[in-house]
Amino acid sequence: MAGRLDIISEMESAFENGPGDPNLSTILTGARGTGKTALLLYLSRIAAEHGWISVNVAAIPGMLEDIIERTRDAAANFIDTSEKTRLKGLTVGQLLGLEWEPGATAGGNWRTRMTRMLQALNDQGIGLLITVDEVRPDLDEMIQLATVYQHFVGEERAVALVLAGLPGKVSSLLRNESVSFLRRANRYRLGNIADEDIAEGIRLTAEEGGRSITPEALTQAVEASEGFPYLMQLVGFQSWAQNPGEKTISLEDVLRGAEAAHRNFTERVLEATYYDLSPKDLLFLQAMLLDEDESRIAVIAERLGEGSNYASTYKRRLIEQGIIGERGPSYVTFELPGFRAYLEAKLGPLQI
Ligand SMILES: Nc1ncnc2c1ncn2[C@@H]1O[C@H](COP(=O)(O)OP(=O)(O)OP(=O)(O)O)[C@@H](O)[C@H]1O
Ligand SMILES: [Mg+2]
């Protein structure tokens with residue numbers, strides 16, 4: 001997980017500290033391909049090292065029931081495989097017996113059933129991490145989860161909640177009064193990764209696979225990654241795949257690999273991002289295409305025939321989605337690698 005050391009070590013100490021640590025409630029936001037899902041899974045592994053089991057779900061109907069089922073499975077697996085001393089003497093049957101014995105399961109609503117399981121886990125010194133990916137504002141179960149979780153925190157149970165989603169979806173969720181508790185959660189925005197971290201990530205990954213990479217090739221791979229996590233992964237993968245039998249990854253491999261990587265990136269990230277956008281978001285971006293590089297907000301508003309409030313609203317939405325970024329108070333520019341060229345080909349600039 002290149003460039004994500006801060007959040008990883010914060011979460012690591014949260015799992016170590018247990019109940020009361022504010023970082024146990026964390027929300028990750030980031031544009032498509034910034035590594036939200038990958039980080040959630042990584043955090044689950046870190047949690048396991050500290051005696052926490054995790055359940056990973058997505059915000060879709062049936063999520064709450066899924067959490068119950070996954071908790072049960074995770075508990076069974078963890079106890080089967082862990083050699084942690086704190087778990088010694090505990091048998092699957094003991095833990096499962098509390099909630100999962102036939103006939104004992106049905107009782108109570110979701111909160112009651114979860115409380116019973118949490119109690120059983122916590123009694124054994126095991127915490128529960130719940131991760132929810134692809135957060136969306138319009139799912140009732142999301143609100144229920146947040147409400148019950150707030151009770152668990154109040155009861156000082158060893159429980160953690162890490163949410164991940166696109167910035168726009170997360171901010172509309174947080175506007176809902178019923179989840180005001182979540183507004184106080186630790187927020188972490190996944191942005192671009194520094195070039196040094198990308199270089200190290202690629203080099204170490206190659207070395208782990210038993211190959212080396214020449215300095216020129218590494219520089220080229222960093223450049224082609226444009227600070228973007230998914231692009232980095234694709235550039236690394238495709239460069240490796242050019243001549244997998246060779247001891248060393250060459251500049252030539254990276255040049256060809258980067259080309260393939262950019263094609264994959266267009267299909268998997270730029271297109272997905274495009275279809276997430278509203279027609280008005282797109283108009284704003286088309287108006288930006290008329291500028292060579294940076295666009296002035298006041299000029300965009302004028303091109304759209306709208307006032308400055310309108311332009312600021314769309315500016316904020318697009319910044320939240322990781323598509324554009326601010327350059328000083330009154331200018332914006334494209335930030336998602338390749339998205340300008342993609343829109344130019346797809347829609348062309350605004351006709352005025
Ligand atoms: N910090 C990182 N270091 C190395 N590889 C990374 C990093 N972050 C993400 N990746 C890689 O980039 C790819 C995209 O990441 P991921 O699917 O987690 O993004 P996402 O934010 O969940 O995207 P989406 O919004 O489309 O679901 C994955 O293949 C992942 O392994
Ligand atoms: Mg994802």
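Colleague: Within what distance do the axes of helix H12 (residues 279-288) and helix H13 (residues 297-304) come, and at roughly what angle do they cross?

Modeller: An axis is a line fitted to C-alpha atoms, for helices over the stretch in contact, and angles run from 0 to 180 degrees between N-to-C directions. The helices themselves are DSSP runs of H or I with at least four residues, strands being E runs of at least two, numbered from the N terminus. Here the axes of H12 and H13 come within 9 Å and cross at roughly 115 degrees. Before we go on: this is a predicted model, where local features need pLDDT of at least 70, side-chain atom pairs count only at pLDDT 80 or more, and totals for chains, interfaces and linings use all residues. Residues are numbered from 1 along each chain as its sequence is written, chains are lettered from A and ligands numbered from 1 in the order in which they are written, and side-chain values use heavy atoms, without hydrogens and water.

Colleague: Thanks! Are H12 and H13 roughly parallel or roughly perpendicular to each other?

Modeller: Angles under 35 degrees count as roughly parallel, over 145 as roughly antiparallel, 65 to 115 as roughly perpendicular, and the rest as oblique. H12 and H13 are therefore roughly perpendicular. Their crossing is right-handed, that is, the near helix is turned clockwise from the far one by less than a right angle, anticlockwise being left-handed. On the H12 side, Leu283, Phe284, Ala287 and Met288 make the contact, and on the H13 side Ile297, Ile300, Arg303 and Leu304, where contact means heavy atoms within 4.5 Å.

Colleague: How many nonpolar, polar and charged residues has that contact?

Modeller: Ala, Val, Leu, Ile, Met, Phe, Trp, Tyr, Cys and Pro count as nonpolar, Asp, Glu, Lys and Arg as charged, and the others, Gly among them, as polar. The contact of H12 with H13 has seven nonpolar, no polar and one charged residues.

Colleague: And at roughly what angle do helix H5 and H6 cross?

Modeller: The axes of H5 (residues 110-123) and H6 come within 11 Å, crossing at roughly 40 degrees. H5 is thus oblique to H6, and the crossing is right-handed. H5 contributes Trp110, Arg111, Met114, Thr115 and Leu118, while H6 contributes Leu145, Val148, His151 and Phe152. By class, that gives six nonpolar, two polar and one charged residues.

Colleague: Where is Arg157 placed, and is Arg157 buried or exposed?

Modeller: Buried means under 20% relative accessible area, exposed over 50%, and partly exposed in between (1.4 Å probe, protein chains only). Arg157 is in the loop between H6 and strand S4 (159-165), and its 14% relative accessibility makes it buried. Apart from neighbours within four places in sequence, its contacts are Pro19, Thr115, Leu118, Gln119, Asn122 and Phe152.

Colleague: Which side chains does a polar contact join to Arg157?

Modeller: A polar contact is a pair of N or O atoms within 3.5 Å; within protein, one must be able to donate a hydrogen and the other to accept it, and residues adjacent in sequence count only if both atoms are side-chain atoms. The Arg157 side chain has one of 2.8 Å with Gln119 and one of 2.7 Å with Glu155. Over in helix H7 (residues 167-175) sits Ser171, which is buried at 13%; its side chain makes a polar contact of 3.2 Å with that of Glu320.
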